[in-house]
Every structure is written in C-alpha cells, then in structure tokens.
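Reader: I want to learn how to read helix packing and sheet order from a model. Can we work through a case?

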Amino acid sequence: MRGWAEHSMGSGGAMARGPPPYYLLLLAQENLEFRLPEIKSLLSLCGGQFSSQQEICINSPFWILNIPSEEMARGLMKRTVCAKSIFELWGQGKSAEELYTSLKNYPMEKMVPYLQSNSTYKIHIHAFNKTLTQEEKIKRIDALEFLPFEGKVNLKNPEHIFWILEDYGMDPNNIPEEPLDLYFGRWIADGQRELIESYSVKRRHFIGNTSMDACLSFIMANHGRVKANDVVFDPFVGTGGLLISSARFGAYVCGTDIDYNTVHGLGKASRKNQKWRGPDENIRANLRQYGLEKYYLDALVSDASKPIWRKEMLFDAIITDPPYGIREATRRTGSQKEILKATERGTENHISISSNYHLSDIFFDLLNSAAEYLVMGGRLVYWLPVYKPEYTEEIIPRHPCLKLISNCEQMLSSHTSRRLITMEKVKEFEDNDQYSHLLDYQSLLYKGHNAFREKYFSGVTKRIAKEEKDN
C-alpha cells in the first residue's frame with residue numbers, strides 16, 4: 001500500500017482510550033488562550049458539551065475530545081476559527097509500535113466502510129516541529145500495510161483522506177529524534193480559518209482607528225454562541241466590524257455609537273493617503289461588501305450611558321469593544337452642569353456637549369444593560385482593558401444576573417493587556433438589580449483603571465526615555 005505524503009506542523013499528549021468515538025482536534029498555534037472557550041462554546045451551541053479523557057494541554061495543537069457524533073464534529077468545524085481540522089481517531093501511541101497496536105485494536109466494523117475496494121483514498125503526513133524527508137514519509141506510510149485498504153489511491157479527489165500526525169514537542173531548539181506522540185485518523189472536516197483572510201480589515205471598505213481584527217471578531221461571535229436568526233447588538237458599534245462576524249453566522253445585527261460621523265460614514269478617513277471618507281464608506285456598505293446586507297437592521301447615534309430601549313429582553317447576544325481612551329475617546333453626552341441648566345430653562349434636554357465617561361462607569365452600564373436586555377441564556381462578550389501590575393481576577397466587573405463564562409488575555413504592551421470577558425445571563429432582571437452590583441466590594445476594585453489611559457502612556461513615555469538614554 002502506498003498513499004501520498006504531505007508535511008506540515010503540529011503537539012499533544014497520550015491518553016488511555018476507551019470505546020470510541022474519539023476525535024483528534026488539530027488547532028492553530030495562535031490566540032492560545034481563546035481556543036478552549038471557543039471550542040466549549042461551539043460544542044454547547046451544537047447541543048453537546050466539552051469532554052476529554054485526557055488533561056488538555058492549553059498550548060498543544062493536539063486535543064483528543066469525546067464528541068457524541070460525527071455530525072456534531074462537523075458542526076463544530078463549520079464555526080471554529082481556532083481549529084484547523086478534526087479527525088476520527090483510529091489509533092494513538094507514544095511510539096510507532098504503540099500506534100500500530102492501537103490501530104489493530106480499533107473495531108474493524110468502524111474501519112471497513114472506508115476501506116472498500118470501490119473507494120479511493122490518500123494519506124497525509126503531518127509533523128509538528130520537525131521537517132520529514134520524502135523518504136521518511138513514504139516509510140511511515142508503508143509501515144501501515146497491515147491495514148486492510150482495498151481501494152485505489154487518488155491524490156487529486158479521494159473519497160477518504162487519512163492522516164498520520166506526529167508530535168515533536170513545542171521547543172524548536174530541542175527537537176527529539178523520535179516523536180512524543182503519534183496519531184492516525186480519518187479526516188472529517190476543516191475549520192473556518194479562511195475567513196480570517198477573506199474578511200481581512202485590509203480589504204474592507206469602511207474602517208476606523210480601532211477596527212477589530214477579523215480573527216478576533218469571529219472568536220467573539222463564537223464565544224457569544226451567535227447562531228442563525230439571533231439578534232446581536234453592539235452598543236459601541238464604530239465601523240461595524242463586530243456586526244460582520246455575527247452576520248456571517250446568520251444573525252441580524254444592529255448597533256449604536258455616540259459618534260455621528262462614524263455612524264453615518266462622514267468626516268475624515270482613517271486610511272493613509274485619504275483625506276475624506278467616500279460614499280461607500282459606512283456600516284451598511286461593509287455588510288454589503290460581504291453579501292450580508294440583508295442581516296443589517298440599523299445603527300443609531302446614541303449614548304451608551306442612557307438607555308433607549310423599551311424594557312424587554314431584546315437581544316440574543318451583546319458583542320462589543322468599548323473605547324479605552326487610547327485611540328478612541330471615552331465620551332458620553334452632557335455634563336451635570338449642563339443638565340441643571342437645561343432643567344432650569346424648562347426646555348427639552350438635547351445636549352450635544354460630551355463629558356468624560358469613566359471606564360468603570362462604561363463597564364457597569366454595559367453589564368446593567370446586558371442584564372436587562374439579553375434573553376435568558378444570552379451572552380455578553382466584551383473587551384476589558386487592564387493595567388497588568390494591578391490586575392487580579394477580583395477586578396472583573398460582576399452583576400447578579402450574569403455568570404462569568406471565560407476570561408482570556410491579549411497582551412497590548414509590557415504593562416497593559418485587554419481581557420476578553422464572556423458572561424451569560426442566568427437570572428431575570430429585576431428593578432432592585434439595577435444598582436445592587438454597585439454595592440458590592442468588587443465594584444470598587446476596577447475604579448483604579450479609570451486612569452488606564454495615563455498608565456498606558458506612562459509606560460510608553462518611560463520606554464522612549466529609556467531608548468533615548470541608551471542611545
């Protein structure tokens with residue numbers, strides 16, 4: 001038997017396997033902290049739950065999962081941007097001999113449908129952290145001659161694709177002679193990694209200073225368990241980048257923003273060598289660019305600190321990236337002084353003046369809004385900026401109606417980062433919930449981050465001063 005060998009890269013851990021079905025998940029080696037929450041969220045969206053009989057190594061590209069059905073495995077791969085491929089695991093071992101023994105113990109009745117004489121197949125070789133020669137690849141394929149393949153090899157369009165996967169650890173400076181783990185499996189499906197390139201911000205019609213990276217946008221939609229026919233809301237919509245990822249998964253999307261020019265696509269452009277925004281630079285045009293305009297409900301000019309919705313559970317998910325005061329200002333309309341003046345005049349209060357909107361107020365208003373307007377089981381997904389020397393888990397804003405699901409870090413600088421927070425509504429909102437979280441001791445802890453902008457730039461200033469001194 002001789003198939004076709006292909007090299008690429010991959011790492012993992014062995015486990016004692018019981019009865020199938022087990023699936024081997026091959027993950028991309030980026031956004032490592034976001035992978036486990038994404039896979040857990042998508043499995044629950046598909047009607048299952050995360051289950052593994054091995055301790056998951058968060059940094060490893062190989063995870064062995066117990067998934068109830070191939071249909072659920074395919075459903076997972078239709079959404080994930082963190083995983084490359086999934087395989088039905090037929091065998092695994094710490095050595096070639098262990099792998100072959102494992103394959104010989106795999107139930108023959110599960111193999112036979114894919115080894116028929118009227119079928120076609122090919123075999124890939126995937127080695128992580130090591131380059132194999134063509135001779136080594138062919139040797140590994142020939143060693144599988146004990147498997148009862150009866151079909152014909154077809155390199156271009158096979159019915160079935162089988163993979164040999166080898167893990168040589170994660171240290172490129174200390175690559176072992178022999179693999180740490182070996183796997184053999186039947187390819188089931190690939191993930192949605194191509195979305196990262198096809199939805200790249202570089203080719204998008206309408207962008208701003210803080211437009212979200214395409215990969216992170218899809219990760220946020222997956223953490224929020226967005227599905228077809230959901231209604232998804234972004235209260236800091238900006239140029240609508242987060243709406244696009246949710247619309248791609250079939251959700252109807254809407255948003256608000258305090259910036260009139262951004263909502264209406266007016267004013268100065270964010271692109272280099274372009275002074276003013278063009279007629280096709282607006283949120284609707286962004287969704288139209290990807291054939292998603294039918295999912296666009298609207299974007300309103302509105303202040304996130306002032307509720308505009310009727311008191312009802314309206315949204316299946318709230319997915320947002322609030323301003324941190326770095327590239328975009330933290331603003332809300334009016335000031336206490338202006339409000340008092342307007343009240344004295346007895347006129348209708350329409351204030352265009354903006355005042356500072358403290359980070360702690362932004363996030364507590366956001367949680368309060370999510371608690372009130374999310375459906376039960378709906379999710380809030382948002383970015384929380386933190387000053388690392390002062391960070392503890394206790395500073396994460398809480399609300400009695402919301403349960404913390406995941407908390408993932410993305411580095412911004414040596415002393416700052418932002419954390420992707422996912423929360424789920426577990427309790428119906430009542431009037432006395434509106435301010436109850438403000439009485440909690442934890443609500444005071446994040447207020448120290450109101451000076452996040454100053455702390456962020458203090459680090460930049462110190463670094464520049466050090467570089468100048470060194471020079």
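Author: Start with the handedness of a crossing. A crossing is right-handed if the near helix is turned clockwise from the far one by less than a right angle, and left-handed if anticlockwise. This is a predicted model, and here helix 7 passes helix 8 in a right-handed crossing.

Reader: At what angle do the axes of helix 7 and helix 8 cross?

Author: At roughly 60°, with the axes coming within 9 Å. Helix 7 covers residues 214-223 and helix 8 covers residues 241-248. That angle makes helix 7 oblique to helix 8.

Reader: Which residues in helix 7 and helix 8 meet?

Author: From helix 7, take Ser-217, Phe-218, Met-220 and Ala-221. They meet Gly-241, Leu-242, Ser-245, Ser-246 and Arg-248 of helix 8. By class, this contact has 4 nonpolar, 4 polar and 1 charged residues.

Reader: How do helix 1 and helix 7 cross?

Author: Their axes cross at roughly 45° and come within 8 Å. So helix 1 is oblique to helix 7. The crossing of helix 1 past helix 7 is left-handed.

Reader: Which residues of helix 1 and helix 7 meet?

Author: Helix 1 brings Phe-34, Pro-37, Glu-38, Ser-41 and Leu-42. Helix 7 brings Leu-216, Ile-219, Asn-222 and His-223. The classes in this contact are 5 nonpolar, 3 polar and 1 charged.

Reader: Now sheets. What is the general idea?

Author: Strands of a sheet pair through backbone hydrogen bonds, either parallel or antiparallel. In this model, 7 strands form an open sheet in the order 2-1-3-7-6-4-5, with mixed pairing. The edge strands are strand 2 (62-65) and strand 5 (152-153), each pairing on one side only.

Reader: In which sense do strand 1 and strand 3 pair?

Author: Antiparallel, over 5 bridges. Strand 1 is residues 23-27 and strand 3 is residues 83-93. Leu-26 stands opposite Ser-85 of strand 3.

Reader: Where does helix 1 lie?

Author: Helix 1 (residues 32-45) lies across strand 1 and strand 2. Its direction runs at about 25° to strand 2.

Reader: Are strand 9 and strand 10 parallel or antiparallel?

Author: Strand 9 (residues 252-257) and strand 10 pair in the parallel sense, over 5 bridges. Cys-254 stands opposite Asp-298 of strand 10.

Reader: Let me try a loop residue. Where is Tyr-114, and which residues does Tyr-114 contact?

Author: Tyr-114 sits in the loop between helix 4 (108-111) and strand 4 (120-128). Beyond four places in sequence, its contacts include Glu-70, Trp-90, His-160 and Arg-186. His-160 is 46 residues away along the chain, yet the two C-alpha atoms are separated by 6.7 Å.

Reader: Last, confidence. How should I use it?

Author: Where pLDDT is low, the predicted coordinates should not be read in detail. The protein chain averages 85, and 80% of the residues score at least 70. Over residues 1-17 the pLDDT stays under 50, although the model has 86 contacts there beyond four places in sequence. Residues 342-351 are also below 50, with 7 contacts beyond near neighbours in sequence.

Key: Residues numbered from 1 in each chain as written. Predicted model: local features only at pLDDT ≥ 70, side-chain atom pairs only at ≥ 80, totals over all residues. Heavy atoms only, no water. Axes fitted to C-alpha atoms, helices over the stretch in contact; angles between N-to-C directions. Helix = DSSP H or I, 4+ residues; strand = E, 2+ residues; numbered from the N terminus. Parallel < 35°, antiparallel > 145°, perpendicular 65-115°, else oblique. Contact = heavy atoms within 4.5 Å. Nonpolar A, V, L, I, M, F, W, Y, C, P; charged D, E, K, R; others polar. pLDDT = per-residue confidence, 0-100. Pairing = 2+ DSSP bridges.
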